[in-house]
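Me: Hi! Could you walk through this one with me? I have a handful of quick questions.

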Amino acid sequence: LVIAGGLKPYTVAEAIDEIQPDGVDANTGLNFSYHNRAKDPHKVKPFYGAALVAKYDIHPSQEWVLAG
């Protein structure tokens, strides 16, 4: 099961906790804007961090992938 539909950095953790999906679709919720569909790195990093915490209880400070 993959959940999708405008997930954002501040909503992904709750969605993972409630639904326990196999994956998440992180498309439009990470764009710079509706008209600029490029991914905003200031949204991608917190999204990924929130997903790690919710799914695996891995905190961003413990995950080398999130190192700035």
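Me: Which residues is N31 in contact with, leaving aside its neighbours within four places in sequence?
Reply: N31 is in contact with N36, R37, A38, K39, D40 and K43, once those neighbours are set aside. One thing to keep in mind as we go: this is a predicted model.

Me: Thanks, noted. Where is the place of N31?
Reply: N31 sits in the loop between β2 (23-24) and α2.

Me: And is N31 buried or exposed?
Reply: N31 has a relative accessible area of 6%, so this residue counts as buried.

Me: How far apart are N31 and K43 in space?
Reply: Their C-alpha atoms are 7.8 Å apart, and N31 and K43 are 12 residues apart in sequence.

Me: Let me zoom out. How many helices and strands are in the chain?
Reply: The chain has 2 helices and 2 strands. Starting at the N terminus, the elements run β-α-β-α.

Me: What share of the residues is buried?
Reply: Of the 68 residues in the chain, 28% are buried.

Me: What about contacts that join residues at least 24 apart?
Reply: Those make up 21% of the contacts in the chain between residues at least 6 apart in sequence.

Me: OK, on to the core. Which residues are in the largest nonpolar core?
Reply: There are 10 residues in that core: I3, L7, V12, A15, I16, L30, F47, A50, A51 and A54. The elements giving two or more residues to this core are α1 (12-19) and α2 (41-56).

Me: Which element gives the most to this core?
Reply: That would be α2, with 4 residues. As general background, nonpolar side chains tend to be buried together in soluble globular proteins.

Me: Let's pick on V12. Which residues is V12 in contact with, beyond the ones within four places in sequence?
Reply: V12 is in contact with L7, V24, F47, A50 and A51.

Me: And I16, where is its place?
Reply: I16 is in helix α1. With a relative accessibility of 4%, I16 counts as buried, because the cut-off for that is under 20%.

Me: Which residues is I16 in contact with, again leaving aside neighbours within four places?
Reply: The list for I16 is I3, P21, V24, A51, A54 and K55.

Me: Now the two helices. At what angle do the axes of α1 and α2 cross?
Reply: They cross at roughly 25°, and the axes come within 8 Å. That makes α1 roughly parallel to α2, because angles under 35 degrees count that way.

Me: Is the crossing left-handed or right-handed?
Reply: α1 passes α2 in a right-handed crossing.

Me: Which residues meet there?
Reply: From α1 you have V12, A13, I16 and D17, and they meet F47, A50, A51, A54 and K55 in α2. Sorted by class, the contact of α1 with α2 has 7 nonpolar, no polar and 2 charged residues.

Me: Nice. Changing topic: where is L1, and is L1 buried or exposed?
Reply: L1 is in the segment before β1 (2-3). L1 has a relative accessibility of 60%, so this residue counts as exposed.

Me: What is L1 in contact with, apart from neighbours within four places in sequence?
Reply: L1 is in contact with I19, P21, D22 and G23. L1 and Q20 are 8.5 Å apart from C-alpha to C-alpha, and 19 residues apart in sequence.

Me: What is the phi of Q20?
Reply: Phi of Q20 is near 55°, a positive value in a residue other than glycine. In general, most residues other than glycine have a negative phi. Q20 is found in the loop between α1 and β2.

Me: Last one: where does D22 lie, and is D22 buried or exposed?
Reply: D22 also lies in the loop between α1 and β2, and at 67% relative accessibility D22 counts as exposed. D22 and K55 are 33 residues apart in sequence, with 9.4 Å from C-alpha to C-alpha.

Notes:
Residues numbered from 1 in each chain as written. Predicted model: local features only at pLDDT ≥ 70, side-chain atom pairs only at ≥ 80, totals over all residues. Heavy atoms only, no water. Core = buried A, V, L, I, M, F, W, Y, C linked by side-chain atoms within 4.5 Å. Buried < 20%, exposed > 50% of the residue type's maximum accessible area, 1.4 Å probe, protein only. Contact = heavy atoms within 4.5 Å. Axes fitted to C-alpha atoms, helices over the stretch in contact; angles between N-to-C directions. Parallel < 35°, antiparallel > 145°, perpendicular 65-115°, else oblique. Left-handed = near helix turned anticlockwise from the far one by under 90°. Nonpolar A, V, L, I, M, F, W, Y, C, P; charged D, E, K, R; others polar.
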